[in-house]
Amino acid sequence: MAEEYTECLLENNKYHEHCPGCKVDQMKKSRRGFPFSELLSVWIIVLCTALPISSLFPFLYFMISDFDIAKKEEDIGFYAGFVGCSFMLGRTLTSVIWGIMADRYGRKPVILIGTASVVIFNTLFGLSVNFWMAIITRFCLGSFNGLLGPIKAYAIEIFRDEYQGLALSAVSTAWGIGLIIGPAMGGFLAQPAKQYPSLFSEESVFGKFPYFLPCLVISCFALLVTIASLRIPETLHNHKIADDASSHDESIKFLSHDPESHKVTERNEKNSLLKNWPLISSIIVYCILSLHDMAYTEVFSLWANSPRKYGGLGYTSADVGSVLAFSGFGLLVFQLSLYSYAERLLGPIVVTRISGSLGLVLLSSYPLIAKLSGLVLTLTLNCASVAKNVLSVSAITGLFILQNNAVGQDQRGAANGLAMTGMSLFKAIGPAAAGIIYSWSEKRQDAAFLSGTQMVFFILNTVLALGVVLTFKPFLAETKQ
């Protein structure tokens with residue numbers, strides 16, 4: 001009956017000739033078949049904005065060491081945390097603003113500004129010559145790159161109803177893969193004069209700026225995405241949807257006996273986002289899981305790069321890049337082949353709950369992995385990394401679906417901006433807190449309780465456990481469709 005309601009509104013709705021949102025609605029109504037071009041557009045835009053977020057982590061340990069700001073080796077993690085969190089701090093301060101702009105001026109301008117900011121500020125970060133330049137460029141990159149909220153709204157609006165689950169899965173998949181492939185690129189391409197002396201000399205620009213190459217490659221990709229994004233359609237209606245209410249009053253009356261129509265009407269009447277508990281509860285869980293994911297990303301790279309004597313793996317940046325590249329491939333296969341089936345079978349809340357619970361078990365094994373060596377270590381670490389990232393992205397995707405189902409189109413940009421603000425704040429806390437805690441843990445190797453890195457993974461698990469607990473009723477609510 002809900003599908004009949006939607007089709008009836010489309011047939012009776014008054015379309016505005018010069019409204020880009022109406023043109024997209026007409027296109028969706030007439031088009032059949034799988035939306036390959038829309039999927040590709042959303043995918044590359046999200047990938048572009050996700051790549052620079054964590055691309056620095058494999059080489060951040062060495063970058064801080066080169067800045068000569070840390071007096072002792074154990075203090076490197078402390079300073080690395082502040083560089084890692086500066087991006088998310090900038091995003092925290094501007095996410096709601098970008099969401100409001102997306103609702104007022106359109107999704108497309110905000111998307112273009114976001115991709116262009118990667119070109120400029122990510123390039124400048126690669127040319128950083130000191131600690132403060134690194135922090136400022138990362139902060140500016142986060143401040144201007146506010147497209148994650150608008151792109152989720154755009155994905156919902158550009159796809160037909162039957163593909164909206166795939167749309168948000170594409171957003172979270174590209175986001176998750178960007179957060180994995182970005183560090184892989186950072187690991188493979190950082191310090192090219194040392195890793196590939198036959199190709200890059202110490203006297204070249206890449207020798208003088210050893211962390212410029214991965215940033216330059218990502219910025220070039222962002223430039224191509226920016227140019228390609230000039231062709232995407234705008235999905236925001238430039239007229240008030242309420243203006244057309246008289247055009248489809250009969251449609252609503254015709255279906256007034258349907259309880260689904262009352263639910264849609266009731267949802268549209270909830271104008272205050274802060275009073276929309278299904279939205280707010282899903283954002284809170286999203287923020288907690290985002291804090292855990294960002295802290296884990298920071299800890300994983302620090303743990304892998306740290307010497308064996310401190311409980312780390314003693315990996316090079318290239319070794320970390322190899323692990324993360326393999327994880328990205330495994331995540332891509334899972335999300336494109338299995339996630340949509342799991343979501344339809346179990347629902348977004350159950351998928352989030354199961355993913356978080358399995359993540360608790362997996363993360364508990366990490367201190368034991370550090371005791372392995374050779375081929376056994378390589379195989380175990382790669383399998384654990386794939387599983388951890390698949391579980392994390394699956395949990396986040398379920399929450400994306402809940403958030404976008406909780407509001408109508410006129411509030412979707414602001415709602416996603418609110419979610420991004422909370423997420424960015426928690427993700428800003430994540431690297432800083434993780435860096436401080438990791439640095440502290442390296443100084444307590446002989447502690448009687450949870451010595452060394454055991455304490456770090458215990459704290460990560462505590463945060464994840466809190467997120468899992470909050471997925472149960474009465475806290476997490478779901479808007480009935």
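So, three helices each put at least two residues into the lining of the second largest pocket: H3, which is 36-54, H8, which is 148-158, and H12, which is 212-229. Keep in mind as I go that this is a predicted model. Of those helices, H3 gives the most to that lining, with six residues.

How big is this second largest pocket? Its volume is about 230 Å³. There are 14 residues lining the pocket, and the closest to its centre are Ser-37, Ser-41, Arg-231, Ile-232 and Pro-233. By class, the lining of the second largest pocket splits into nine nonpolar, three polar and two charged residues.

Searching the whole structure turns up five cavities of 30 Å³ or more. The largest cavity holds about 320 Å³ of space. It has 22 lining residues, and the ones nearest its centre are Leu-179, Asp-293, Thr-297, Asn-389 and Ser-392. Helix H9 (164-189), H15 and helix H19 (374-405) are the elements that give two or more residues to this lining. And which of them gives the most? That's H15, with eight residues. The lining of the largest cavity is made up of 12 nonpolar, eight polar and two charged residues.

Let's stay with H15 and look at who packs against it. Take H4 to start with, residues 57-67: its axis and that of H15, residues 277-305, come within 8 Å and cross at roughly 60°. So the two helices, H4 and H15, are oblique to each other. The crossing of H4 past H15 is right-handed. On the H4 side you've got Phe-57, Pro-58, Leu-60, Tyr-61 and Phe-62, and they meet Met-294, Thr-297, Glu-298, Ser-301, Leu-302 and Asn-305 in H15. That contact has seven nonpolar, three polar and one charged residues.

Among the H15 residues making the contact are Val-285, Ile-288, His-292 and Trp-303, and from H21 they include Thr-453, Phe-457, Leu-460 and Gly-467. What does that contact look like by class? There are 14 nonpolar residues, three polar and no charged ones between H15 and H21.

Technical notes:
Residues numbered from 1 in each chain as written. Predicted model: local features only at pLDDT ≥ 70, side-chain atom pairs only at ≥ 80, totals over all residues. Heavy atoms only, no water. 1 Å grid on protein atoms, 1.4 Å probe; cavity = no way out; pocket = protein on both sides within 12 Å on 5 of 7 lines; lining within 4 Å. Points joined across faces, edges and corners; volume = space filled by probe spheres on them. Helix = DSSP H or I, 4+ residues; strand = E, 2+ residues; numbered from the N terminus. Nonpolar A, V, L, I, M, F, W, Y, C, P; charged D, E, K, R; others polar. Axes fitted to C-alpha atoms, helices over the stretch in contact; angles between N-to-C directions. Parallel < 35°, antiparallel > 145°, perpendicular 65-115°, else oblique. Left-handed = near helix turned anticlockwise from the far one by under 90°. Contact = heavy atoms within 4.5 Å.
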